[in-house]
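This report is meant for a reader who is meeting the structure for the first time.

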Amino acid sequence: MEVAVARLSIGRPGVVALVAAALLALPAVSARRVDAATIVVNSTLDGPDLLLADGVCDAGGGVCTLRAAIQQANFNVGADTINFNITPSGVETIAPTTALPDVTDAVTIDGTTQPGFTGTPIIELSGANAGAVDGLKLTGGSSTIRGLVINRWARTASR
Ligand SMILES: [Ca+2]
């Protein structure tokens, strides 16, 4: 009995310390500011960003999709730039399977950065697989979209 009581009284401060650490850690993560960045889409896949607080476009394994790039750009404070470097160079089609996130913050999405660009847009943003949704929807900030072919969306391609 005496041993058990002694253990309990030793254990308590440890538990209190853990809880305190958790309480301190939570606001630090959620309040973290991530400054605007240049984000490079390197994939035609469609996965979401895994962690916004890291400031890095990563849908897993270093894959940066357009969806993840928009999510990360929306989260970052300030005007981001989204460029493209999808292998192989040349024409690439991104065909999301659901609506892309609204662009809620100033961003430049620049399809002319895709290697192989020589004056005619070669990044196609296709709505063929996305269902009855809009293409790129800009709802906040002053944004620039250039060098994209936005087509086959059931509703508005871009607004
Ligand atoms: Ca991220």
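## The covered helix

A residue is called buried here if 20 or more other C-beta atoms lie within 10 Å of its own. The model is predicted, and in it α2 is mostly covered, with 8 of its 10 residues buried. The buried residues of α2 are Leu66, Arg67, Ala68, Ala69, Ile70, Gln71, Gln72 and Ala73, and they pack against β1, β2, β3 (92-94) and β4. As for its direction, α2 lies across β1, β2 and β4, and runs at about 165° to β1.

## The sheet

An open sheet is formed by 4 strands, in the order β1-β2-β4-β6, with parallel pairing. Because β1 and β6 (144-146) stand at the edges and each have a single partner strand, one side of each is left without a neighbour in the sheet. From one strand to the next, the twist averages 10°.

The parallel pairing of β4 with β6 extends over 3 bridges, and Asp110 stands opposite Arg146 in β6.

In soluble globular proteins, nonpolar side chains tend to be buried together. The largest nonpolar core in this model holds 23 residues, and Val41, Cys64, Ala69 and Ile82 have the most contacts inside it. At least two residues of this core come from each of β1 (38-41), α2 (66-75), β2 (80-84), β4 (107-110) and β5 (123-126), and α2 gives the most, with 5 residues.

Leaving aside residues up to four places away in sequence, Val41 touches Cys64, Thr65, Leu66, Ala69, Ile82, Phe84 and Ile86.

Terms used. Residues are numbered from 1 along each chain as its sequence is written. This is a predicted model: local features need pLDDT of at least 70, side-chain atom pairs count only at pLDDT 80 or more; totals for chains, interfaces and linings use all residues. A nonpolar core is a set of buried Ala, Val, Leu, Ile, Met, Phe, Trp, Tyr and Cys residues joined through C-beta atoms within 7 Å. A residue is buried if 20 or more other C-beta atoms lie within 10 Å of its own, exposed if 12 or fewer, and partly exposed in between; C-beta atoms are placed from the backbone. Two residues are in contact if their C-beta atoms, placed from the backbone, lie within 7 Å. Two strands pair if DSSP finds at least two bridges between them. Axes are lines fitted to C-alpha atoms, for helices over the stretch in contact, and angles run from 0 to 180 degrees between N-to-C directions.
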